[in-house]
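Open the model in your viewer and keep the selection panel at hand. The tour moves from stop to stop.

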Amino acid sequence: MSIKRQKLNTIHQACNDPQFAEKKQRASSREEWIQARQQVLQQEKELSRAYDEVVQARRDMPWLPINKEYRFETDTGAVTLSDLFNGKHNLIIQHLMFGPDDAECCSICSYFADGYNGQLPHILANDTSFVAVSPASLEKLNTLKTRKQWGFQMASVKAPDFNQDMGVEGTQEQKANKDSSFYNFGSGWGFPCGLYPGLSVFYKDESGAVYLTYQAQSRGLDVTNAANHLFDMLPQGRNGFFAKHKESY
């Protein structure tokens, strides 16, 4: 089993209910069920209020000016980060774990991308561009896009500085030392690998200046996955689910 899969299995196991086999034998009256549901509802309301505070804290974060002119290869040719906004003010980039020597994209990255693709019309309608970026060749990315039937733009980034600056790829020294301490804003990753998953959010103002406004990495990505949260409503939770490439089910 790859270290990447070991790490992701650990995350998914944390969302399972090991006592499901015992609980499914327990019955209750409708009144008892409503009472239990009301108790969970209060917890859900507390969670919602706490989440609202987190969302506001995200908006209150300072913006980091992006002064480098990162270059990407796309279907329209060589472009800059600014070009990836495609006329929008906001840009979300998904960092795919798909290196130039990899035969396949990470199945978990693909699983998340499947969800983003389903929401793409709504994302674009909210003044936001969405682009998946990786160091894999544009040919590989387009083959992946066609197979997955994704509608969002793909961009290949050859120089490592973009991924390194975004905190989703280590330097050659860090890779050699299996040092992942830089990832997830200094929290690290238990199973070091070449590339790491993440989302980066940018804003471009009327003057054309570009800013990094937010990033999500590691378990912070989970909130963006609707399927995971639907699984959390199931009596057996995520049940050890490990996403495969959708065409392999």
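Leaving aside its neighbours within four places in sequence, which residues is S180 in contact with? Select S180 together with G188, W189, P192 and Y196: these are its contacts, where contact means heavy atoms within 4.5 Å.

Before going on, some ground rules. This is a predicted model, with residues numbered from 1 along each chain as its sequence is written. Local features need pLDDT of at least 70, side-chain atom pairs count only at pLDDT 80 or more, totals for chains, interfaces and linings use all residues, and side-chain values use heavy atoms, leaving out hydrogens and water.

**Stop 1: around S180**

Stay on S180. The residue sits in the loop between α8 (172–176) and α9 (183–186). Helices here are DSSP runs of H or I with at least four residues; strands are runs of E with at least two; both are numbered from the N terminus. S180 has 6% relative accessibility, so it counts as buried. Buried means under 20% relative accessible area, exposed over 50%, and partly exposed in between (1.4 Å probe, protein chains only). Now show the backbone oxygen of W189: a polar atom of the S180 side chain lies 2.7 Å from it.

**Stop 2: the cores**

Select L96, F98, L144, F152 and M154. These have the most contacts inside the largest nonpolar core, which has 27 residues. Such a core is a set of buried Ala, Val, Leu, Ile, Met, Phe, Trp, Tyr and Cys residues joined through side-chain atoms within 4.5 Å. Colour α4 (107–118), α5 (120–125), β5 (128–134) and α6 (138–148): each gives two or more residues to this core. α4 gives the most, with six residues. Another core lies apart from it, with 22 residues, including F72, V133, M166 and L212.

Zoom in on F98. Beyond its neighbours within four places in sequence, its contacts include A103, S134, P135, L141, L144 and L195.

**Stop 3: aromatic pairs**

Show the rings of Phe, Tyr and Trp (its six-membered ring). They pair if their centres lie within 6.5 Å; planes under 30 degrees apart count as stacked, over 60 as edge-to-face and the rest as tilted. The count comes to 15 aromatic pairs. Pick W63 and Y203: a tilted pair, 5.1 Å centre to centre, with 45° between the planes. W63 is in the loop between α3 (30–59) and β1 (64–65), Y203 in strand β7 (residues 198–204), 140 residues apart. W63 is partly exposed, at 44% relative accessible area.

Finish on the cluster that ring pairs build from Y111, F112, Y116, F130, W150, F152, F231 and F241.

Technical notes:
A polar contact is a pair of N or O atoms within 3.5 Å; within protein, one must be able to donate a hydrogen and the other to accept it, and residues adjacent in sequence count only if both atoms are side-chain atoms.
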